[in-house]
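I opened a new structure today and kept notes as I went. Here is what I looked up, entry by entry.

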Amino acid sequence: MPAEKSYTYTEATSAAEARIRDLMENAAAAAPASLGTARSYRDWAYGVYLGWLHLTAECAQQEVDAERLEALMDSAGRA
């Protein structure tokens, strides 16, 4: 069984932000050739956001960070 790992709020938020950025960059790169692929990347980014939102629901800082993460998803637009 793998060793347990605990994450701080900052670590979880940083990991979610990095993954959302990566997925949205992939969505932007895929958009001209494949709108379906671009949409899948955006959906996965949204899934990362929802997971982060659920995990951090009790954290006081969440509202400001949630707005920032939402903006990352909006910055690439929607197909």
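**Entry 1: overall build.** I counted three helices and zero strands in the protein chain. I took helices (H or I, at least four residues) and strands (E, at least two) as DSSP runs, numbered from the N terminus. Along the sequence I read the pattern α-α-α. The C-alpha trace spans about 40 × 35 × 15 Å along its principal axes.

**Entry 2: ground rules.** This is a predicted model, where local features need pLDDT of at least 70, side-chain atom pairs count only at pLDDT 80 or more, and totals for chains, interfaces and linings use all residues. Residues are numbered from 1 along each chain as its sequence is written, and side-chain values use heavy atoms, with hydrogens and water left out.

**Entry 3: helix α1.** I found α1 at residues 9-30, 22 residues in all. It reaches 31 Å from first C-alpha to last, close to the 32 Å expected at 1.5 Å a residue. (The expected span is 1.5 Å times one less than the number of residues.) Next I looked up burial: buried means under 20% relative accessible area, exposed over 50%, partly exposed in between (1.4 Å probe, protein chains only). In α1, Tyr9, Thr13, Ala16, Glu17, Ile20, Leu23, Met24, Ala27 and Ala30 are buried. Down the axis, the buried residues of α1 fall within an arc of 155°, so they line one face of the helix. The arc is taken from the directions from the helix axis to the C-beta atoms. Thr10, Glu25 and Ala29 are exposed on the other side of α1.

**Entry 4: helix α2.** In α2, I noted Ala38, Arg42, Ala45, Tyr49 and Trp52 as buried. They cover an arc of only 75° around the axis, which puts them on the same side of α2. The face turned away from that side carries the exposed residues Trp44, His54 and Leu55. The buried residues of α2 pack against α1 and α3. Contact means heavy atoms within 4.5 Å.

**Entry 5: the core.** Which residues make up the largest nonpolar core? I listed 12 in all, among them Tyr9, Ile20, Tyr49, Trp52, Leu69 and Met73. Such a core is a set of buried Ala, Val, Leu, Ile, Met, Phe, Trp, Tyr and Cys residues joined through side-chain atoms within 4.5 Å. The largest share of this core, five residues, comes from α1. I then picked out Ala45: leaving aside residues up to four places away in sequence, Ala45 touches Ile20, Leu23, Met24 and Met73.
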